[in-house]
Amino acid sequence: MTTLVYTHRSSLRHETPPGHPERVDRIKAVYSVLDAPHFAAAQRREAPRATEAQLLLAHTPEHVQRIFAVAPESGFEYLDADTVMSAHSLEAALRAAGAATAAVDAVFRAEASNAFCALRPPGHHAEQNKAMGFCLFNQAAIAALHARTRYDAERVAVVDFDVHHGNGTQDIFWTDENLFYGSTHQMPLYPGSGARNETGVGNIFNAPLRAGDGGVEFREAFNSIILPALDSFAPDLVIISAGFDAHVRDPLGSLELTEEDFAWATLRLMELADTHARGRVVSVLEGGYDLQGLAGSVGVHLHALMHGQSLTAQMEEQSDDEDDET
């Protein structure tokens, strides 16, 4: 099993104002994990820049033109109270989207089993015609539509376990029955969307959690809502919006997930990708604002991508041992 990891130095140059949670230290924490010796087997690739045509797969021409037009040469440009651009933000966002499309290319060309795109800013709040929630372009949605356009992937799924609902991905997928969006998220919480009755054309599956919910409730939501729907959908590609701000340490949410929960979810999604999509999985980094929680969660997520079935067997054996002890 070959895992690719996409990075780019522009993620280190996308600056936000002091005190902003989506800060450079996030990606520094991620890259420090990626440099650990036990991840040396993951192949590194530099993220390319997304083309305008790729951006237009998910966004309106007006949105793309606006982002290019307002990108500042210095200082900060506020798109809303939370979403800020600095001199290198456009480049970072283009590389984040480019990584996602390149990862799709790699898994469809059988250059790798799966890929993790470790870049910022995040993307899942960016709607067809609106930047918001720290997000400029929606790389998960762009990747999904790139797979359809370039490789005739008939059915593409995005599964999102960020603590915040991916309103942007839902917006872009809303009327297309061959695009699947499944999300676990805290509710109520920013951005206010993600109720169970938001179903699109039968292709949207929201599983909101309450503040204080932990691994038990998270896994139940996956097992009862997300995974059965995904299995029935039978995707040609699984894209993960990998946000780690549902971690118990994170300051922007009130869920109580641990690293083990993220590893478990990753493995379950990989199993369904093995069943329906020849194992093709592309993961893109979304949120995660406590540096320790983010680093640990990225580590187990990447470990799961790299080791897959062998790690599943190990976790099941440990679970059996724990059951025997009780």
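**Notes on strand S10**

1. Val-281, Ser-283 and Leu-285 point one way from S10, whereas Val-282 and Val-284 point the other way, and all are buried (under 20% relative accessible area with a 1.4 Å probe, protein chains only). The strand spans residues 281-285 and is mostly covered, with five of its five residues buried. Strands are DSSP runs of E of at least two residues and helices are runs of H or I of at least four, numbered from the N terminus.

2. This is a predicted model, in which local features need pLDDT of at least 70 and side-chain atom pairs count only at pLDDT 80 or more, while totals for chains, interfaces and linings use all residues. Residues are numbered from 1 along each chain as its sequence is written, and side-chain values use heavy atoms, with hydrogens and water left out.

3. S10 pairs in the parallel sense with strand S5 (residues 114-117) over four bridges; pairing requires at least two DSSP bridges between the strands. Val-281 in S10 is the bridge partner of Asn-114.

4. Strand S9 (residues 237-242) also runs parallel to S10, joined to S10 by five bridges. Here Val-282 in S10 stands opposite Ile-239.

5. S9, helix H8 (residues 259-276) and S10 form a right-handed β-α-β unit: with the strands pointing away from the viewer, the path from the first strand over the helix to the second runs clockwise.

Methods. Buried means under 20% relative accessible area, exposed over 50%, partly exposed in between (1.4 Å probe, protein chains only).
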